[in-house]
Amino acid sequence: MSSRTNISCLQEAARVAIFGGTHGNEMSGITLVNMWIQNSAEIERNGLLIKPFISNPRAVEKCSRYIATDLNRAFTPENLSAPDVEGLPYEVQRAKEINRMFGPKGSADAYDVIFDLHNTTSNMGSTLILESSTDLFNLQMVHYIKKAMAPHTCSVLLNEHPQLKYSTTRSVAKHPVGLEVGPQPQGVLRSNVFESMRTILKHALDFIEIFNSGVTFPPCTVDVFRVQERMDYPRDTNGNITAMVHPHLQDCDWEPLNRGDPMFLTFDGRTVLYEGANTVYPTFINEAAYYEKQQAFMTTGREILAANAIRKACK
Ligand SMILES: CC(=O)N[C@@H](CC(=O)O)C(=O)O
Ligand SMILES: [Zn+2]
């Protein structure tokens, strides 16, 4: 990266992958990717290699989130460097395979961009998930997508938390982008969710094509929600949940939660209030896949990130 008059010159994004089925029961991404594998006309762009790819085919076949372990937590240095012995959990084998095909993670040979398509049972609407607040390419892309989507909103979740960050499938790429669209039940396809995801991806690919053509993108700012804390359900001594998401919080993803606001409703009718000092913005509220992860919702804080102007590096 070099800069002249404050323009950051970034490498061309020549190789892009679109992953569906990282979780085998999230149907919009699976359906879109399968459709594009059969006919890629819609996702083709000038000068771009674009690979639509089903990342966890065995989980897709079973329509379950995973077979042995969550693929979207499996891209750790330990897993990726584990010797290829027999008996590795399926998703660990698959992570190593994906790392060979699209990585190696952290290397110059890695794919430039991986879009990983997910669905949530939460009422999050269209959400882009970023893992770094300093990736100028992704910040500019997200800015472009948000503008193109208006008046529809597209939120940005920044998962840069030292403890809560996890080793995602997309993290193999130089610029990892998660797309999370909901609400959609597991195993179900909803046309509105499918179409939103398709539209976001169209704008994302347009951005990359324009960037590669040499256009300069001026400095911009991006509103993001930065991950703060994982909130678990109240539980008894056996670890079973004793309360549900409160009806006043259910479906209120991205809306402010203040001290004293209802958070949970116990089975015997007691309301549990939020007691944090600061206003937070909950998301992934009542996500089905997170019961096993001891998470009822996630709190976030609002932030405005600034990004430098960018353009493709001159060779
Ligand atoms: C509901 C769901 O699967 N969400 C994704 C979010 C992400 O891709 O970062 C996950 O937990 O892996
Ligand atoms: Zn998912």
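The model is predicted. The peptide bond joining Gly-182 to Pro-183 is cis, with an omega of about 10°.

## Other backbone features

A cis peptide bond is also present between Gly-103 and Pro-104, where omega is about -5°. Pro-104 belongs to the loop between helix H4 (90-102) and strand S5 (113-119).

Asp-251 is not a glycine, yet its phi is positive, at about 70°. This residue, Asp-251, sits in the loop between strand S10 (243-245) and strand S11 (262-266). As background to these features, most residues other than glycine have a negative phi, and most peptide bonds are trans.

## Packing of H1 and H6

Helix H1, spanning residues 27-38, packs against helix H6, spanning residues 191-212. The axes of H1 and H6 are 9 Å apart and form an angle of about 60°. H1 is therefore oblique to H6, since the roughly perpendicular class covers 65 to 115 degrees and the roughly parallel class lies under 35 degrees. The crossing of the two helices, H1 and H6, is right-handed.

On the H1 side, the contact is formed by Ser-28, Gly-29, Thr-31 and Leu-32. On the H6 side, Val-193, Phe-194, Met-197 and Arg-198 take part. Classified by residue type, the contact of H1 with H6 comprises four nonpolar, three polar and one charged residues.

Which residues lie around ligand 1? The shell consists of His-23, Asn-72, His-118, Thr-120, Ile-129, Thr-168, Gly-178, Glu-180, Glu-287 and Ala-289. By class, six residues of the shell around ligand 1 are polar, two are nonpolar and two are charged.

## Overall dimensions

The protein chain contains six helices and 14 strands. Along the principal axes, its C-alpha atoms occupy a box of roughly 65 × 50 × 35 Å.

The radius of gyration of the protein chain is 20 Å. This value agrees with a compact globule, because a globule of 315 residues would have a radius of gyration near 20 Å.

Conventions: Residues numbered from 1 in each chain as written. Chains lettered and ligands numbered in written order. Predicted model: local features only at pLDDT ≥ 70, side-chain atom pairs only at ≥ 80, totals over all residues. Near = placed C-beta within 6 Å. Nonpolar A, V, L, I, M, F, W, Y, C, P; charged D, E, K, R; others polar. Axes fitted to C-alpha atoms, helices over the stretch in contact; angles between N-to-C directions. Helix = DSSP H or I, 4+ residues; strand = E, 2+ residues; numbered from the N terminus. Parallel < 35°, antiparallel > 145°, perpendicular 65-115°, else oblique. Left-handed = near helix turned anticlockwise from the far one by under 90°. Contact = placed C-beta atoms within 7 Å. Rg over C-alpha atoms; globule rule 2.2 N^0.38 Å.
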